[in-house]
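Hi everyone, thanks for making the time.

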Amino acid sequence: MSKPPPAPDAIPGSVTTHFGFQQVPVAEKQRRVRGVFSSVAAKYDVMNDLMSLGVHRLWKRFVIDLAGVRAGERVLDVAGGTGDLAREFRGLVGASGLVVLSDINAEMLGEGRARLADRGVLDVPLALANAEQLPFPDASFDCITIGFGLRNVTDKDRALAAMARALKPGGRLLVLEFSKPLNAGLAKIYDQYSFKLLPLMGRLVAKDAASYRYLAESIRMHPDQSTLKGMMEAAGLGRVQVYNLTGGIVAVHRGYRLD
Amino acid sequence: MTTPPLICATLEVALNRYLGLERSALAECSALSGRSIALHTEDLGWTFILEPHAGGVRVSAESVVTPDVRVSAPTLGLLRLALRTASGTSGLPAGLEVEGDTELLEHFNTILGRVGFDTEELASKWVGNGMAHRIVGGVRGLLGFGRSAVERLSMDTAEYLREETGDLARSADVEEWTDAVDALREGTDRLEARLARIEAAMDEGQSKTP
């Protein structure tokens with residue numbers, strides 16, 4: 001795999017990157033993101049339901065269907081957090097397959113393990129891993145997913161390249177992430193919702209308005225549909241397709257390792 | 001016009017769920033890996049590229065290589081093709097424009113047509129064998145009752161319009177009337193011929209008079 005170009009979210013020649021709307025040292029971002037997710041881990045799923053009015057379940061269902069995972073396949077769920085994608089994949093791959101749940105945050109991974117165990121799913125190995133440096137050999141997985149995780153990664157190009165490397169030839173990567181609304185009217189409503197209602201809900205439910213303000217800001221700083229498509233192609237993935245959901249508020253990108 | 005990606009995704013998911021019901025169908029799709037079929041709807045301007053692979057089929061709006069076979073038709077024509085395929089009928093319906101490897105198209109249609117599923121078996125995963133048998137039997141009975149009720153209603157309505165209100169004619173009356181019209185037409189034709197003969201005879205008589 002060729003070396004990816006510099007991260008577009010990092011200022012060229014500088015050692016800072018964005019954390020929401022703030023510029024922070026690159027080394028600092030990972031620590032701050034970890035802090036956000038450690039803070040919201042216990043209420044993460046409740047907040048997701050509340051913030052998206054339950055629609056995040058439909059978005060994830062779409063990813064599961066589009067992934068087309070079948071018996072015997074090896075699947076990696078990067079930044080898998082509370083493990084809802086991993087749980088579904090575990091059922092699809094059957095006894096002969098493998099699903100690995102990975103996250104950089106120990107608290108989120110702990111929540112994931114507890115929730116999987118609550119549902120009787122005990123055979124999903126966990127990996128506390130940075131998406132930029134996945135600890136798996138080349139060509140290990142048939143399918144890799146990253147759901148609402150890529151925007152929190154410091155160097156997205158490096159993470160995409162790492163995931164492309166871990167895919168088997170012909171394997172697919174699916175990125176589920178907030179994106180740019182396609183309609184200007186919807187974008188205005190969405191802005192009001194994100195910057196006014198979201199932190200309020202965070203304060204009332206998770207007792208943490210700042211973390212939810214960061215989530216809203218990080219969504220705005222995330223590359224739009226076509227930029228992310230280009231980044232996936234630069235990471236060595238081909239046949240990249242973009243599926244806009246809910247008017248582009250969320251997009252699913254699917255690309256294949258074709259070499 | 002570019003095919004909406006969500007429509008492609010919906011078609012792909014539906015086809016893969018359907019193909020996933022039959023393991024042999026997936027094996028046959030795997031054998032067709034690397035080939036592609038383009039379906040073009042003339043009225044909407046949408047193109048679907050179908051690429052079979054081991055997991056079923058991938059559907060996209062554009063192809064990086066030239067498809068092996070391209071089918072163009074109005075949306076209804078493609079729907080007719082889909083219905084024929086689903087019912088297991090071989091051959092292609094009329095009105096399709098097919099370019100390229102038609103054998104590939106027919107092979108893929110055959111794979112789809114061979115997939116079948118047992119509704120009882122499917123329902124038994126959720127509710128158990130006994131309940132699945134009762135539910136499926138109940139649904140079949142309900143559908144059968146609905147179908148026969150519709151047939152009975154249409155027959156009763158036709159009979160009422162025919163016998164009671166006289167708005168509709170009985171088929172025997174219609175036949176009798178058309179026979180009478182035919183007889184009248186033949187009689188008129190004969191009369192016309194006789195008159196023509198008489199006129200001709202009169203013209204001949206006048207021309208012989210000095």
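Where is the place of B:Glu12? B:Glu12 sits in helix H1 of chain B. Before I go on, please keep in mind that this is a predicted model.

Okay, is B:Glu12 buried or exposed? B:Glu12 counts as buried because its relative accessibility is 4%, and the cut-off for buried is under 20%. Now look at what surrounds B:Glu12. Setting aside neighbours within four places in sequence, B:Glu12 is in contact with A:Leu66 and A:Arg254, and also with B:Val57, B:Arg58 and B:Val59.

How many residues does the contact take from chain A and from chain B? Chain A gives 13 residues, and chain B gives 13 residues. Between them, chain A and chain B bury about 1,100 Å², with 53% of that on carbon and sulfur atoms. On the chain A side, A:Asp65, A:Arg70 and A:Arg239 supply 44% of the area that chain A buries against chain B, which is more than any other three residues.

Let's stay with chain B and talk about space. Rolling a probe the size of a water molecule over the atoms shows where empty space is left. Here I'd like to show you the second largest pocket, which holds about 590 Å³. Its lining has 22 residues, and the ones nearest the centre are B:Leu11, B:Leu15, B:Leu39, B:Leu78 and B:Ala82. Which parts of chain B supply at least two residues each of that lining? They are helix H1 (5-19), strand S1 (37-41), strand S2 (46-53), helix H3 (75-86) and helix H4 (102-114). H3(B) gives the largest share of the lining, 7 residues. And by class, the lining of this pocket has 18 nonpolar residues and 4 polar ones, with no charged residues.

One more stop in chain B. B:Pro4 lies in the segment before H1, and at 27% relative accessibility B:Pro4 counts as partly exposed. If you pick out B:Pro4 and B:Gly141, they are 137 residues apart along the chain, and their C-alpha atoms are separated by 40 Å.

Now over to chain A, and a few loops. A:Asn105 is in the loop between strand S4 (98-103) and helix H5 (106-118). With 2% relative accessibility, A:Asn105 counts as buried. A polar atom of the A:Asn105 side chain lies 2.8 Å from the backbone nitrogen of A:Glu107. Not counting residues up to four places away in sequence, A:Asn105 touches A:Arg34, A:Phe37, A:Ser38 and A:Leu128.

Last topic: backbone angles. Most residues other than glycine have a negative phi. A:Phe148 has a positive one, near 55°. You'll find A:Phe148 in the loop between strand S6 (141-147) and helix H6 (156-166), and at 9% relative accessibility A:Phe148 counts as buried.

A:Thr246 has a positive phi too, about 50°, although A:Thr246 is not a glycine. A:Thr246 is in the loop between strand S8 (237-245) and strand S9 (250-257). Is A:Thr246 buried, exposed or partly exposed? A:Thr246 is partly exposed, with a relative accessible area of 42%.

Methods. Residues are numbered from 1 along each chain as its sequence is written. Chains are lettered from A and ligands numbered from 1 in the order in which they are written. This is a predicted model: local features need pLDDT of at least 70, side-chain atom pairs count only at pLDDT 80 or more; totals for chains, interfaces and linings use all residues. Side-chain values use heavy atoms; hydrogens and water are left out. On a 1 Å grid over the protein atoms alone, a cavity is a set of points where a 1.4 Å probe fits but cannot get out, and a pocket is an open set with protein on both sides within 12 Å along at least five of seven lines; lining residues have an atom within 4 Å of a point. Grid points are joined across faces, edges and corners, and a volume is the space filled by probe spheres set on the points. Helices (H or I, at least four residues) and strands (E, at least two) are DSSP runs, numbered from the N terminus. Ala, Val, Leu, Ile, Met, Phe, Trp, Tyr, Cys and Pro count as nonpolar, Asp, Glu, Lys and Arg as charged, and the others, Gly among them, as polar. Buried means under 20% relative accessible area, exposed over 50%, partly exposed in between (1.4 Å probe, protein chains only). A polar contact is a pair of N or O atoms within 3.5 Å; within protein, one must be able to donate a hydrogen and the other to accept it, and residues adjacent in sequence count only if both atoms are side-chain atoms. Contact means heavy atoms within 4.5 Å. Buried area is the accessible area (1.4 Å probe) that two parts lose on being put together, summed over both.
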